Amino acid sequence: MTENESKSSTGNTAEEHIQIPLKDLISQRRRKVLELARNGLNLYPYKYDRSHRISELLEQFDRMSEEETVVRLAGRVMLKRKMGKAAFADVRDSSDRLQVYVKLNNVGRETFELFDSVDLGDIIGCEGTLFITRTGERTLNVTSFEILTKALHPLPDKHSGLTDIETRYRRRYVDLIVNPEVREDFVKRTRIIQLVRDFLNGEGFLEVETPILQPLYGGGMAMPFKTYHNRLDRELYLRIADELYLKRLIVGGFDKVWEFCKDFRNEGIDRLHNPEFSMIELYWAYADYHDMAKMFENMLRKVVYELHGTYKIPYDDHEIDFEPPFKWISMIDSITEQTGVDFYPMSFDEALKVAKEHGVEGEDLINKGKVIEAMWEAKVEPGLIQPTFIVDFPVEISPLAKKHREKEGLTERFELFIAGLEMGNAFSELNDPVDQLQRFMQQGKALEAGDEEAQRLDDDFITALMYGMPPTAGLGFGVDRLVMLLTNKHNIRDVLLFPQMKEMMDGSIPVSGILSQIVEEEKSGGTE
C-alpha cells in the first residue's frame, strides 16, 4: 500500500511509492469508523436491498438509461478519484464492475462528505439512474448512497497488485477481490463439476454419500490421517478413497453409484498434490473396464465441448484434441514402444537388472510390478500429451483389480493420461473373495517389507464379497486435476480455493495483533 493510494482515495495527491506502516493505515480507517459512529452512522448495517446485480444493469443499460429507471446496486470500491465538487468510483460486485458518479449538487454536502470518507476496498450501496459520460463510460449517476462495510485493511498496492503467489494462496479472499480472472476460474470449476454431475445422472448413476471417518482406510495406496474417537475409544482414519464402501453398495443391489468426495492423504505437497483433494468415484455393475473407458471418454469429450465450445483446448505449449478416439496401449507395450524393452517374459531379477541398465533403481523395487511401474514412470509417462489410456497393469500394483482374462500376471486396469497428468484410474473390479483375500495377504507382506502405502486387510469387505458382488467396473478421477486441465493451470493450488500451506515463521505480528493493539490504544486514550 502506498501513501499515494491512501491519499487518492480521498482525492488528494502525494509522491508515489512512499510506504506507510500497515498499523498507521489501519488506524486511519478505524478513526473514520469511530468518527462516523459518533455522527450516528452504522458502517456495518444488516442488509441492503439491491435492485440488480451489475451484470444485469449492463445487459439492460440502453433501455434503463433511456427510461431513467432508478436502480440500486452494491459492491466494493476498487478505484476512486475526486474532481472538485464531483467524484468517480469503480464499484465491483460478483458479476461485473460499473463506474459511479457522485456530484455535490445532486447529493448534498453531507452525503458528498460521507463519500469523501470512502476508502478503496469499502463496500457501498448506491441508488441512482444510468447514463453515459462524454468519454463513453457507462455510469450510475448517484442520488443517494451508504457505506455498507468499512474495510479496515487496505487493498494491495495499485501499482504491483497482488502478485506474490504465496500471499495469493494464503489470502485467497484478497486474491479474489483484486484478480477477477481468478474468480472466473473458480466459477468454471463449479461448472465443470455440474457438467460431470449432469452426465452421470443422465447415465443412470445414483449419487450417494459414504463415510469420511473410517475404522480402516483402504481403496488406495497412500498414508492416512489418523484421529481418535473418545466415546468409542478407538483410532479412526480420514478416508484415502471411497472405493470399498461404494463396492459394498454394489453388493447391496445398486447397479450404478457415484460420489463426489473429499479424500485425504498424509503425504507431500507439490504442484499436483494437496493433502485434501476432491475425487469422483463411480461403480457400474455388469460392466468391465472397456465399458468404463468408453463412458469416461464420452464424458470428458462432452464436458470439454460444453465448457469451451470446441474439442481442442490449450494446455501449456500443447493443443489437446479430445475429438479422436483416445489411444489404448498396455503399460508393458508402451515401455517397449519407447525403449525396445519387453518386460513381459522376464523374471523379477531380470527385470530389475534391465531397469538398472536404464538408470531406474530404488529400494522400493521389491517385485516385478514395482520395477515395471518405475520404468514406465521414467520412460513413458512424461511424454503422454494427447489423451491416452495406459492399460493392463501388473497384479502386484493393482490389489483391487480383476486378473486379466488373457495375460498372465496382469490386471484389467487403466489409467488415463492427458498432458502428462494422470486423469483417472479404473478396473474391472475384483469380486472373487478368495482372490481378494490373497491379494490383501500379499499387500501385508509388502507392508512388512517396508511399503507403508500397502493396503491392510479389510475383513468386513471380504465378508461383503462373500455375499456376492456382480461383475463390476469402477473408476476414480481427480476433480482438481480435471479443473487444472480445463482451465490451463499448472499447480493444483491454483484450482483450490484454500490449499494447504506451510506455517509462516517470519516472526511478524499477525494483522489481528495489530488490530488488537489499536483497540487497546483506543481504550487507554492513545488514539483519538
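Me: What percentage of the 528 residues in the protein do buried residues make up?
Reply: This is a predicted model. A residue counts as buried when its relative accessible area is under 20%. Of the 528 residues in the protein, the buried ones make up 49%.

Me: How many helices and how many strands does the protein have, and what does its C-alpha trace span along the principal axes?
Reply: The secondary structure of the protein comprises 18 helices and 18 strands. Along the principal axes, the span of the C-alpha trace is about 90 × 55 × 50 Å.

Me: Among contacts between residues at least 6 apart in sequence, what percentage join residues at least 24 apart?
Reply: A contact here means heavy atoms within 4.5 Å. Taking contacts between residues at least 6 apart in sequence, the share that joins residues at least 24 apart is 65%.

Me: Is Val77 buried or exposed, and in which strand is it found?
Reply: Val77 belongs to strand S1, which covers residues 71-83. Its relative accessible area is 0%, and the limit for a buried residue is under 20%. Val77 of strand S1 is therefore buried.

Me: Which residues does Val77 touch, not counting residues up to four places away in sequence?
Reply: With residues up to four places away left out, the list for Val77 includes Ala89, Asp90 and Leu155.

Me: What separates the C-alpha atoms of Val77 and Gln19?
Reply: Val77 and Gln19 are 58 residues apart along the chain. The separation of their C-alpha atoms is 22 Å.

Me: Are the helices H10 and H16 roughly parallel or roughly antiparallel?
Reply: H10 spans residues 243-251 and H16 spans residues 459-467; their axes come within 9 Å and cross at roughly 25°. Angles under 35 degrees count as roughly parallel. H10 and H16 are therefore roughly parallel.

Me: Is the crossing of H10 and H16 left-handed or right-handed, and which residues make the contact?
Reply: The two helices cross in a left-handed sense. H10 contributes Leu244, Lys247, Arg248 and Val251 to the contact. From H16 come Asp460, Phe461, Ala464 and Tyr467.

Me: How many nonpolar, polar and charged residues are in the contact of H10 with H16?
Reply: Sorted by class, the contact of H10 with H16 has five nonpolar residues. There are no polar residues in it, and the charged ones number three.

Methods. Residues are numbered from 1 along each chain as its sequence is written. This is a predicted model: local features need pLDDT of at least 70, side-chain atom pairs count only at pLDDT 80 or more; totals for chains, interfaces and linings use all residues. Side-chain values use heavy atoms; hydrogens and water are left out. Axes are lines fitted to C-alpha atoms, for helices over the stretch in contact, and angles run from 0 to 180 degrees between N-to-C directions. Helices (H or I, at least four residues) and strands (E, at least two) are DSSP runs, numbered from the N terminus. Angles under 35 degrees count as roughly parallel, over 145 as roughly antiparallel, 65 to 115 as roughly perpendicular and the rest as oblique. A crossing is left-handed if the near helix is turned anticlockwise from the far one by less than a right angle, and right-handed if clockwise. Ala, Val, Leu, Ile, Met, Phe, Trp, Tyr, Cys and Pro count as nonpolar, Asp, Glu, Lys and Arg as charged, and the others, Gly among them, as polar. Buried means under 20% relative accessible area, exposed over 50%, partly exposed in between (1.4 Å probe, protein chains only).
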